[in-house]
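Open the model in a viewer and keep the selection panel at hand. The stops below say what to select next and what is there.

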Amino acid sequence: MNLLQSYQSGIDSYDEILDVNGLVKPHWRALFSTMEKLGLDELKIRNQEIISKLRENGVTYNVYESPDGMNRPWQLDPIPFLIEQKEWNGIAKGLQQRALLLDLILRDIYGPRNLVKDAVIPAELVFDNTGFCRPCVDIKLPASRQLMLYAADMARGPDGQMWILDRRTQAPSGSGYCLENRIVMSKLIPELADGMYVSKLSPFFNSLQNTVLRLSDKSKDAPNIVYLTPGPNNEAYFEHAYLASYLGYTLAQGDDLMVRNGFVWLKSIDGLQKVDVIIRRIDDDWCDPLELREDSRLGVPGLLQAIRMGNVQVLNPPGSSVLENHAFLAFMENICQYFLGEKLIMPSVATWWCGHKKELNYVVNHIDELIIKKANRKSRFRSIYGRLLTKSKKAELIAMISAHPHEYIAQQEVSLSTTPSLIDGNIVPRYAALRAFLVADENGYHVMQGGLTRSSPVKDRFVISNQYGGLSKDTWIVSDKTDVAQEKIVLNAPASVNRHISLPSRSAENLFWVGRYCERTMAVIKFMNITINVLNLDRNFGGSAKQEHIKFLLQSLTHLSSTYPGFIDEDDLLLDPYPEIIDLVSNHNRPGTIAANIGAFLNSVSAVRNQWDLEIWRIVDHIDKGYHEIKNASSMNSNNIQKTLDGLYNNMFMFLGVISESMPRDNSFLLLETGKLIERILSRVSVIQSNFGVKNAESVENELIEATLINHHLLVNYRQIYKSQLSVEAMLDMVLLEKRLPFSIVYMLDELKKNLGKLPSTTRGERLNDAQKSVLEASTLVKLASISALSKCDKNLERIDLFHLLSEISRLISSVSFSLTNMYFSHTMMQHSFFNPVDNDKDEI
């Protein structure tokens, strides 16, 4: 039995591969023929490659309160969802009609409200609708259409037609995942498209860019377009960063924006930059805490007033969520006749609004056949299947509906179509639904030639939401030939080149800390490995010289990581240092440990993920894997710990290397490098100060010199110059003053001074800002220092001059970080503080 026959034997309801006569559709037959050639084993191998690729690319869909952590990898079924082009053309017409109709409803609700006046819809659908925002009555875009973006969920009903199940109108999600699905499929399993033409997705994004440009201030050469996200904790944050990068827009959070003099401004390190268009992914309620939810920390105070004044355009305009009320489905046929004088092209799933007595009676009498939902989506009410309830539970449900009938709708429970899915290594039928995407353009509404299909992983259950484990599919609109040459994105209107890209202050701060946390982690790993190597060479503390030298290394490790008290004055830990070392590696709840530093690094990297290309993100994925390994370090021996630490160190070095080779030398790069250099200087100063602040026996100092040179990547260079003679004076000369060595203090200070000089100036009337002055002072102190004086010690064997010099350098360089915060990052602080922090409404896909 071949794959197709095997699959057909498992079909027990209407399936996508069959036409109305029960015959296999030609393109599905071609797809199964190709899968047959590949073989099921190869298909399973490709599926694993898809899983790995999605993880490497950092494609995630965040799940709140998930035991596996928020960043859950995106799930993509290797078997696409096929729709023939001719059928899709008919579906597209139905979708365009729906979009036009919803746009008319939106304009009417926030305008004359003729639908209510003429009793086409009940008043409750407007005034008792949680999506109806009274402050948005006068919010309008300067365009013929207000509903610029629209997504429709649909599935094939028992009659063989696609039925509309649901809609997204305020901040439609999923188009970015469509694009990533297509890219991954085309790279890892291109053979599946043999013998058929698959329509491209790029024209949709082309239309989106043109729509945004038409809304922007045409008097500007380069409009400032912002992609507004709730932030890294939102479910679809990957998509927000992905689309912002793909479309070339600035990714920003609410606190990156402010309203002043009726305009919206982006807070960047160059100062305030006027914003022309905002594509929002924040739900209506959270957009403006001055006029909507006052506890919102996601929106922009004063945004609605700026829109009213015509000083910024927002897609979709706030208030669009009024259309997401489930009850509208019950009235769409009448609304269509009222506005367009025609019937709906695409049917909706049968829906009853319980606010009418006749419909309420029907729902009560047919509860076993229906699915009960709250009319208002924001009520967080899970659908109830009447047939699954006991007699007493049905009575409770009916009583609940009867008490507040206008709050509930009922929908017919129908058998929707299934589609082939790869589940546990077998191709089996599963329920599926398709989300289609539309954008308003100069000709009406442009429909994406594809969409986001989601299928249920569970047999005979319609569980497609990614929140509950639904699988995604690439959607192919297929034909035997292509009629029109399909191009990549080419803007119709010539876009002026904006060579300078504004960097939001929040992004700038995160980039700065990416550099710091990366270098901080590497510094601790480097010195820990040096210390572990010494411990492995001499586990017996019997020799007093060895004991002293290891003691100093362990104490330096505590100073470097700031994990006090650690090895400072803790004799028990010095006798058996491994438990403390393991804790320094694995305890992610203890500030200063390797695990805590990597966790902070990964958070900062994720917060600016639109800055990274795929090569960098794949390295981040390897670092993330190492992070999860070291959190279990308590079950590892010292050799395994070192192996994992070596891998982490190499990956973080690679991360910095790829950035150095590929990242544009703009403010983003300069801030990351600045953070890296500040941390590198502070860590090296800490080690030198801990190891040589006090003079020790020659044998001990020789060991400390060698460890310090290794830590500075200078041991080979030192041996080439000084052979085997170890001298504190020669070592200090090299690690402090050698201008040609990248890890010498003077070299790093000079590089830091150069970086600061290239960052935007915030001084008025002064040549140098506070950060530059601090670095210049530190550099001058080092360059004027006498190495022989630094090497000498007093009668208490303390190197006072060296200790004071290094303390002053540490103080000055630490002050650089504070100065940068005041200059560039201080306005990332909350500009409004209301109540407890809240998350955006769930952006379910």
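Buried means under 20% relative accessible area, exposed means over 50%, and partly exposed covers the range in between, with a 1.4 Å probe and protein chains only. This is a predicted model, in which local features need pLDDT of at least 70 and side-chain atom pairs count only at pLDDT 80 or more, while totals for chains, interfaces and linings use all residues. Residues are numbered from 1 along each chain as its sequence is written, and side-chain values use heavy atoms, with hydrogens and water left out.

**Stop 1: Thr453**

Select Thr453. Its relative accessibility is 0%, so Thr453 counts as buried. Thr453 belongs to strand E21 (residues 452-455); helices (H or I, at least four residues) and strands (E, at least two) are DSSP runs, numbered from the N terminus. Next, display the residues in contact with it, where contact means heavy atoms within 4.5 Å. Leaving out residues up to four places away in sequence, Thr453 touches Phe81, Ala432, Ala433, Leu434, Leu471, Ser472, Lys473 and Thr475. The side chains of Thr453 and Thr475 are joined by a polar contact of 2.6 Å. A polar contact is a pair of N or O atoms within 3.5 Å; within protein, one must be able to donate a hydrogen and the other to accept it, and residues adjacent in sequence count only if both atoms are side-chain atoms. For a distance check, pick the C-alpha atoms of Thr453 and Asp270: they are separated by 42 Å, and the two residues are 183 apart along the chain.

**Stop 2: helix H9**

Select residues 237-247, helix H9. Nine of the 11 residues of H9 are buried, so the helix is largely enclosed by the rest of the structure. Those buried are Tyr237, Phe238, Glu239, His240, Ala241, Tyr242, Leu243, Ala244 and Leu247. Against which elements do the buried residues of H9 pack? They pack against strands E1 (60-62), E7 (225-228) and E8 (250-252), and against helices H7 (175-188), H8 (202-215) and H18 (594-607). Just after H9, Gly248 has a positive phi of about 80°.

**Stop 3: Gln313**

Select Gln313, which lies in strand E13 (residues 313-315). With 7% relative accessibility, Gln313 counts as buried. Residues up to four places away in sequence aside, Gln313 touches Leu141, Pro142, Leu215, Asp276, Val277 and Ile278.

**Stop 4: strands E4 and E5**

Select residues 149-156 (strand E4) and E5; six bridges join these strands, which run antiparallel. Two strands pair if DSSP finds at least two bridges between them. Met154 has Ile164 in E5 as its bridge partner. The hairpin of E4 and E5 has five residues between the strands, and Gly160 there takes a positive phi near 85°. Seven of the seven residues of E5 (residues 162-168) are buried, so E5 is largely enclosed by the rest of the structure.

**Stop 5: a four-stranded sheet**

This open sheet has the order E14-E17-E15-E16, with antiparallel pairing. Its edge strands, E14 (351-353) and E16 (384-385), each pair on one side only. E15 (residues 370-374) pairs with E16 in the antiparallel sense over two bridges, and Ile371 stands opposite Tyr385 in E16. Axes are lines fitted to C-alpha atoms, for helices over the stretch in contact, and angles run from 0 to 180 degrees between N-to-C directions.

**Stop 6: helices H14 and H20**

Select residues 505-537 (H14) and 638-662 (H20), whose axes come within 10 Å and cross at roughly 145°. Residues of H14 that meet H20 include Val514, Met522, Ile525 and Ile532, and among those on the H20 side are Leu645, Tyr649, Met652 and Phe653. The residues of this contact divide into 13 nonpolar, seven polar and three charged. Here Ala, Val, Leu, Ile, Met, Phe, Trp, Tyr, Cys and Pro count as nonpolar, Asp, Glu, Lys and Arg as charged, and the others, Gly among them, as polar.

**Stop 7: backbone exceptions**

Most residues other than glycine have a negative phi, and most peptide bonds are trans.

- Arg113, not a glycine, has a positive phi of about 60°; Arg113 sits in the loop between H4 (85-109) and H5 (114-117) and is partly exposed at 21% relative accessibility.
- Leu797, also not a glycine, has a positive phi of about 65°; its place is the loop between H27 (787-791) and H28 (800-825).
- Tyr564 and Pro565 are joined by a cis peptide bond, with omega about 0°; Pro565 is in the loop between H15 (544-561) and H16 (571-575).
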